[in-house]
Amino acid sequence: MDIQWSSDLETGIGIVDDQHRELFERIIQFFRVADQNDTTLTLQTVDYLAEYVIEHFSAEEGIMIKDSYPGFSSHRDEHSKFIKNVYRIKRKIAADGVTPELVATLKTDLVDWLVNHIKIRDKHLATIHQKEVSRYKW
């Protein structure tokens with residue numbers, strides 16, 4: 001499965017789009033390392049990915065708070081579930097090592113979740129954000 005950024009994932013919020021691109025790069029890096037079956041390096045890469053995911057979600061949630069985003073609680077809950085999933089993956093890799101089956105499942109789970117989340121939830125956030133920004137333009 002190929003994962004790459006495409007323009008149909010753009011939200012129009014500069015910082016969010018920049019961070020999404022970086023997130024895609026980190027996921028690609030994670031899968032490159034995981035494909036090497038090096039458990040130690042893969043675990044380090046999971047940490048690298050998790051740190052950025054947390055940073056990105058914090059930035060998004062800050063925008064939501066600033067814009068009084070009506071879907072804040074459920075959107076934040078989705079972020080929390082994704083972070084928990086990343087750490088569940090880390091525990092599984094630590095316990096069982098890296099297997100081709102695990103990598104294949106992760107590619108589907110992580111990528112599908114991220115793409116769907118951006119296309120639905122983050123684009124909705126962008127719509128609300130653009131309305132808020134336009135209210136304050138002179």
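## Salt bridges

In this predicted model, nine salt bridges are present. One of them pairs K119 with D8, with a nitrogen-to-oxygen distance of 3.3 Å. K119 belongs to helix α4, which covers residues 100–135, and D8 to the segment before α1 (14–34), so this pair ties together parts of the chain 111 residues apart in sequence. Both partners are partly exposed: K119 has a relative accessibility of 40%, and D8 has a relative accessible area of 37%.

A salt bridge also joins E10 and R21, whose closest N and O atoms are 3.4 Å apart. E10 sits in the segment before α1 and R21 in helix α1, eleven residues apart. E10 is partly exposed at 36% relative accessibility, and R21 is partly exposed with a relative accessible area of 31%.

E78 is in helix α3 (residues 72–96) and R121 is in helix α4, so the bridge ties together parts that are 43 residues apart in sequence. Elsewhere, salt bridges with shared partners connect E10, D18 and R21 in one network.

## Surroundings of H117

H117 is a residue of helix α4. With a relative accessible area of 4%, H117 is buried. Setting aside neighbours within four places in sequence, H117 makes contact with E60, H75, E78, H79 and D122.

## Nonpolar cores

The largest nonpolar core holds 30 residues, and those touching the most other members are L23, F24, I27, F30, F31 and I93. Helices α1, α2 (39–66), α3 and α4 are the elements that contribute two or more residues to this core. The most come from α4, which gives eight residues.

I27 is in touch with I3, L49 and L114, when residues up to four places away in sequence are not counted. Another core lies apart from the largest one; it has nine residues, among them I13, M64, L125 and I128.

## Overall architecture

The protein chain contains four helices and zero strands. Read from the N terminus, the order of elements is α-α-α-α. The C-alpha trace spans about 55 × 25 × 20 Å along its principal axes. Of the contacts between residues at least 6 apart in sequence, 74% join residues at least 24 apart.

## Burial, surface and charge

Of the 138 residues in the protein chain, 45% are buried. The chain exposes about 7600 Å², and 51% of this area is supplied by carbon and sulfur atoms.

The charged side chains comprise 18 positive and 23 negative ones. The centres of these two sets lie 5 Å apart. Side chains of opposite charge can pair when their charged atoms come close.

Key
Residues numbered from 1 in each chain as written. Predicted model: local features only at pLDDT ≥ 70, side-chain atom pairs only at ≥ 80, totals over all residues. Heavy atoms only, no water. Salt bridge = Lys/Arg side-chain N within 4 Å of Asp/Glu carboxyl O. Buried < 20%, exposed > 50% of the residue type's maximum accessible area, 1.4 Å probe, protein only. Contact = heavy atoms within 4.5 Å. Core = buried A, V, L, I, M, F, W, Y, C linked by side-chain atoms within 4.5 Å. Areas by Shrake-Rupley, 256 points an atom, 1.4 Å probe, with all protein chains shown as cover. Lys, Arg positive; Asp, Glu negative; His and termini not counted. Charge placed at Lys NZ, Arg CZ, Asp CG, Glu CD.
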